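Subject: Structure handover

Hello,

The structure we discussed is below, followed by notes on what was found in it. Please read the notes with the coordinates open.

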Amino acid sequence: MWYHKPAINEELLQSLPNLKVVASSGVGIDHLDMKLLSRYGVKVSNTPFIVSTDTADMGMALLLASSRRLVEGHEMAVSPDTEYFPADWLGAEVSGATLGIVGMGTIGYKVAERAKAFEMKILYHNRNQRKKEEESAVGAVYCKKIDDLLQQSDFVLLAVNLTPQTHKLIGKRELELMKPTATLINISRGLIVDQDALVEALQNKVIKAAALDVTYPEPLPRDHPLLKLKNVIITPHIGSATKKTRWVMMEEMVESIQAGLAGLPVPREVL
């Protein structure tokens, strides 16, 4: 499966009585009905670890691009209407700023490692607190309550899996807790954020900006209000989109398929 296609529904499963394994690219499995697949005796695998480095890089890229207004700056620099560069056209500091990471799994932790190199203060919210030595290695401080993280962070980066518990985790209330100078960065799934509430928050300057590698749907309708806002950067869900990573993802998927067909334990099986 690439980009959640084909749709694994009951109709497809009934038409494929010999199906043994579904190999899905990437980390998230929110597009799969695991109970339905289990009922048909079909195993599921994904490619969770290979994508983490590139996705963490993408998170930092979005953070930097948004804070320094790179897209706007490029447009200004190449515009045929530009006669001079205004002296008061300013971005926001990254070094020394506070980064709040929501979801400190493999990707979130790799973001923290990168943010440490930028001398950022790091807060994180996670279901479980990391080991003390892991926190110390990146200088991260655990926030048991997400509200504490939202109130203190200059940048809030979302790196959680989409589950019923995280669906629209960031809504109107959470956005209003953030600083009016804060930026929201999403490298997880679009449905983690209430997009209508985000549009309203950006239009009314409840928060300063957003940088999104994921939306819902993907791509957004061409008349969607998010596409008209200058304080938003949107990329086409390319967190893992490097040649090497996509090649290894395919190798891992083939490996899982071959194991499933041979009746062997499926590598990276999702249980």
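The model is predicted, so local features need pLDDT of at least 70 and side-chain atom pairs count only at pLDDT 80 or more, while totals for chains, interfaces and linings use all residues. Residues are numbered from 1 along each chain as its sequence is written, and side-chain values use heavy atoms, with hydrogens and water left out.

T47 sits in the loop between strand 2 (43-45) and helix 3 (52-67); helices (H or I, at least four residues) and strands (E, at least two) are DSSP runs numbered from the N terminus. T47 is buried, at 1% relative accessibility (buried is under 20% relative accessible area, exposed over 50%, partly exposed in between, with a 1.4 Å probe and protein chains only). Not counting residues up to four places away in sequence, T47 touches S24, S25, G26, V27, M249, E252 and M253, where contact means heavy atoms within 4.5 Å.

S153 is another buried loop residue, at 0% relative accessibility, placed between helix 7 (146-152) and strand 6 (155-158). Its side chain has a polar atom 2.7 Å from the backbone oxygen of L149 and also reaches the backbone nitrogen of G100, at 3.4 Å. Beyond the neighbours within four places in sequence, S153 is in contact with T98, L99, G100, L123, K179 and A182.

Domains

The domain assignment, automatic or from a database, gives domain 1 (10-49 + 241-262) and domain 2 (51-79 + 91-234). Their contact takes 10 residues from domain 1 and six residues from domain 2. Taken over C-alpha atoms, the domain centres are 29 Å apart. About 700 Å² is buried between the two domains, 49% of it on carbon and sulfur atoms; buried area is the accessible area (1.4 Å probe) that two parts lose on being put together, summed over both. On the domain 1 side, V27, D30 and F49 lose the most area, together 57% of what that side buries.

Between the domains there is one salt bridge, that is, a side-chain nitrogen of Lys or Arg within 4 Å of a carboxyl oxygen of Asp or Glu. D30 and R189 form a salt bridge with their closest N and O atoms 3.2 Å apart.

Salt bridges

The count comes to 13 salt bridges. D57 and R114 pair at 2.6 Å between the closest N and O atoms. D57 lies in helix 3 and R114 in helix 5 (residues 106-117), so this pair ties together parts that are 57 residues apart in sequence. D57 is partly exposed, at 37% relative accessibility.

In helix 8 (residues 172-177), E176 and K172 are four residues apart, about one turn of the helix, and form a salt bridge at 3.1 Å. E176 is partly exposed at 48%, as is K172 at 44%. E174 and R173 meet at 3.2 Å, N to O; E174 is buried at 12%, whereas R173 is partly exposed at 43%. D147, R173 and E174 are linked in a network of salt bridges.

Regards

Technical notes. Polar contact = N/O pair within 3.5 Å; in protein donor to acceptor, adjacent residues only side chain to side chain.
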